[in-house]
Amino acid sequence: MVDKAGVNRLLFTPGQAAFLSAQRVARLATVNKEGKPYVVPVCYAFDGSFFYVALDEKPKSVPPAHLKRVRNILENPRVGLVVDVYGEDWARLHYIMVNGEAGLLPPGTMAHTRAVDLLRDKYPQYRSMSIEDRPLIGIGPLTVYEWRADGEDSVPERPGRDFAALAEGRHVVRQFRPEPVPRELVEQTLEAARWAPSPHGAQPWRFVVITMAELKEKLAEAMADEWRRNLEMDGDDPEVVEKRLRISHQRIVNSPVIVIPCLYLEDLHAYPDPVRANAEVIMAIQSLGAAVQNILLSAYSLGLDTGWMCAPLFAPHVVRAALDLPDNLIPHALINMGYGAKDPPRRPHRPVDELIVLYD
Ligand SMILES: Cc1cc2nc3c(=O)[nH]c(=O)nc-3n(C[C@H](O)[C@H](O)[C@H](O)COP(=O)(O)O)c2cc1C
């Protein structure tokens with residue numbers, strides 16, 4: 001059974017699915033017809049039900065069809081896949097072992113195209129390799145076994161990507177595939193937010209999460225009306241105005257998940273003078289940015305993509321009215337979340353020596 005979250009719940013708990021999506025390397029075991037085992041580390045993508053392994057251009061001594069793992073699969077489709085986390089702290093050891101049957105997905109099929117997208121989403125290195133022209137290994141799991149030293153439910157405690165790759169790999173995505181995002185993954189990103197630094201530890205932010213189509217539509221329409229008024233005030237060409245509004249509307253209604261980070265000033269210090277009162281609000285906004293970045297990086301570590309729209313900042317009252325939010329929440333942004341359909345061209349990021357103005 002594949003549920004609405006896209007996870008095969010007969011086989012995988014949401015925690016296991018999150019773990020399998022987040023990790024970067026698996027060990028793939030194949031056997032030949034004499035039963036001789038052969039194990040290799042592989043990069044893989046997981047869509048909630050199936051695993052996909054590319055036959056890529058990493059230097060190999062033989063063409064893909066002659067690879068031992070491929071010959072073994074053609075002789076005997078039974079495979080094992082182990083995804084594990086090792087660290088010197090043995091209280092955190094954790095692995096999932098999947099046994100299943102593998103086959104080759106030929107290029108040009110829908111399953112192949114989707115698998116290539118998944119692999120490229122997960123590993124930027126594949127974006128410049130011609131994996132679309134080669135068969136891929138597809139693995140259908142039959143049994144799952146999980147072990148973790150702390151015996152707890154399977155939730156990845158640490159992202160599988162190292163931090164530099166995470167920080168650099170995250171980028172704004174503006175088009176998403178329609179698949180819903182498992183609630184557990186969204187909650188995990190908000191869990192990351194709560195560890196952000198904040199003035200006096202006040203955590204002056206709250207989050208609104210929207211997944212229902214009607215609410216997205218209501219919000220998009222309300223913000224469009226406000227934005228149209230602003231653009232008309234600027235004297236913009238009506239055709240251009242309508243085009244911009246259409247794009248923005250699509251971005252909102254086509255995001256599987258929308259997170260609206262709101263400033264919440266109730267727990268901040270009150271000062272009698274405007275300088276300190278103003279600084280207090282600025283600190284809260286700085287902190288909201290830190291919390292949002294935690295969400296974006298956490299989402300990326302879980303194989304999700306995110307976008308950022310500033311529209312609520314210009315019409316907080318409109319967002320509040322559309323979503324029936326109390327007056328003490330000040331909507332500041334709109335974070336789109338889901339599985340990216342298309343990467344926009346990336347804006348260049350300045351080299352670090354241009355950013356450091358003094359380092360004594
Ligand atoms: C405060 C803030 C507001 C933003 N508003 C928008 C927006 O309204 N629309 C949009 O497409 N991107 C928006 N972005 C995303 C930026 O355009 C994007 O982060 C930037 O171009 C760098 O690209 P990257 O995040 O992919 O590295 C915003 C980013 C920030 C931090």
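Strand β10 (residues 257-263) pairs with strand β13 in the antiparallel sense over three bridges, where pairing requires at least two DSSP bridges between two strands; helices (H or I, at least four residues) and strands (E, at least two) are DSSP runs numbered from the N terminus. The structure is a predicted model, in which local features need pLDDT of at least 70 and side-chain atom pairs count only at pLDDT 80 or more, whereas totals for chains, interfaces and linings use all residues. Residues are numbered from 1 along each chain as its sequence is written, and side-chain values use heavy atoms, with hydrogens and water left out.

The structure holds 18 salt bridges, each defined as a side-chain nitrogen of Lys or Arg within 4 Å of a carboxyl oxygen of Asp or Glu. In one of them, R120 and E132 bring their closest N and O atoms to 2.5 Å. R120 belongs to helix α3 and E132 to the loop between α3 and β7 (136-148), so the pair ties together parts twelve residues apart in sequence. R120 is buried at 19% relative accessible area, whereas E132 is partly exposed at 34%.

A further salt bridge links R228 and E242 (3.1 Å, N to O). Because R228 lies in helix α6 (residues 213-233) and E242 in helix α7 (residues 238-253), this pair ties together parts that are 14 residues apart in sequence. Both residues are partly exposed, R228 with a relative accessible area of 24% and E242 with 33%.

Helix α3 (residues 110-122) also contains H112, which is buried with a relative accessible area of 1%. Leaving aside neighbours within four places in sequence, H112 is in contact (heavy atoms within 4.5 Å) with L105, P106, P107, I131, E132, R134, P135 and L136.

Note on methods: Buried < 20%, exposed > 50% of the residue type's maximum accessible area, 1.4 Å probe, protein only.
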